[in-house]
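We will go stop by stop, picking residues as we go.

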Amino acid sequence: MAEQIEVGSGEDPPYVLAERGIAEARAAYERSLTLGQESLAHWESLTAQWLLGLREIGYRLCQDSDVNIRAIFDLAEQQVRARSASEICALQVRFVQEQSERLVHQAKEVETLVSALMRSFHDEIRQGPRR
């Protein structure tokens with residue numbers, strides 16, 4: 001707690017006490033301003049990091065969608081060239097098996113990206129602004 005000095009104690013004239021009080025208030029304000037600026041910079045950095053992470057995840061989802069849709073087009077072309085219903089069924093069965101494996105792999109990779117982003121974001125929040 002701050003030391004309290006009585007104005008009439010004779011230790012310092014009142015104007016000296018007033019000047020000291022103003023200087024201390026100014027210093028406290030400067031410290032709080034610096035902390036506020038550091039905090040704002042930290043949150044701006046976190047936001048930029050978060051957006052980059054989301055962009056990476058979105059890009060990955062677009063890539064995966066492209067792979068999946070191209071696989072469907074390939075299947076359709078193969079089925080058009082098929083010579084029998086049993087060949088069409090075999091193509092369909094193979095496609096479903098391959099697509100299931102592909103989707104599981106894609107989901108695991110996206111989960112890894114999301115987990116890494118969340119861990120990084122959590123760690124940055126816990127650390128707070130750096131000095």
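What follows is a short tour of selections in a predicted model.

**Stop 1: the helix H1.** Select residues 14–81, which make up helix H1. If you like a quick check, take the distance between its end C-alpha atoms: it comes to 100 Å, and 68 residues at 1.5 Å a residue should span 100 Å, so the two agree.

**Stop 2: the buried side of H1.** Now show side chains for the buried residues of H1: Leu 17, His 42, Leu 46, Gly 53, Ile 57, Asp 64, Asn 68, Ala 71 and Leu 75.

**Stop 3: His 42.** Zoom in on His 42, which lies in helix H1. Its relative accessibility is 8%, under the 20% cut-off, so His 42 counts as buried. Select its contacts beyond four places in sequence, and you get Glu 124, Ile 125, Gly 128 and Pro 129.

**Stop 4: a salt-bridge network.** The structure holds four salt bridges, and some of them join up: Arg 60, Asp 64 and Glu 109 are linked in a network. Start with Asp 64 and Arg 60, whose closest N and O atoms are 3.1 Å apart. Both lie in helix H1, four residues apart, about one turn of the helix.

Glu 109 is partly exposed, with a relative accessible area of 25%.

**Stop 5: another pair on H1.** Select Asp 66 and Arg 70, whose side chains meet in a salt bridge at 2.9 Å, N to O. This pair, too, lies in helix H1, four residues apart, about one turn. Asp 66 is partly exposed at 36% relative accessibility, and Arg 70 is exposed at 52%.

**Stop 6: the cysteines.** Finally, pick Cys 62 and Cys 89. Cys 62 counts as exposed at 55% relative accessibility, whereas Cys 89 is partly exposed at 48%. How many disulfides are there? The count comes to zero.

Key:
Residues are numbered from 1 along each chain as its sequence is written. This is a predicted model: local features need pLDDT of at least 70, side-chain atom pairs count only at pLDDT 80 or more; totals for chains, interfaces and linings use all residues. Side-chain values use heavy atoms; hydrogens and water are left out. Helices (H or I, at least four residues) and strands (E, at least two) are DSSP runs, numbered from the N terminus. The expected span of a helix is 1.5 Å times one less than its number of residues. Buried means under 20% relative accessible area, exposed over 50%, partly exposed in between (1.4 Å probe, protein chains only). A disulfide is a pair of cysteine sulfur atoms within 2.5 Å. Contact means heavy atoms within 4.5 Å.
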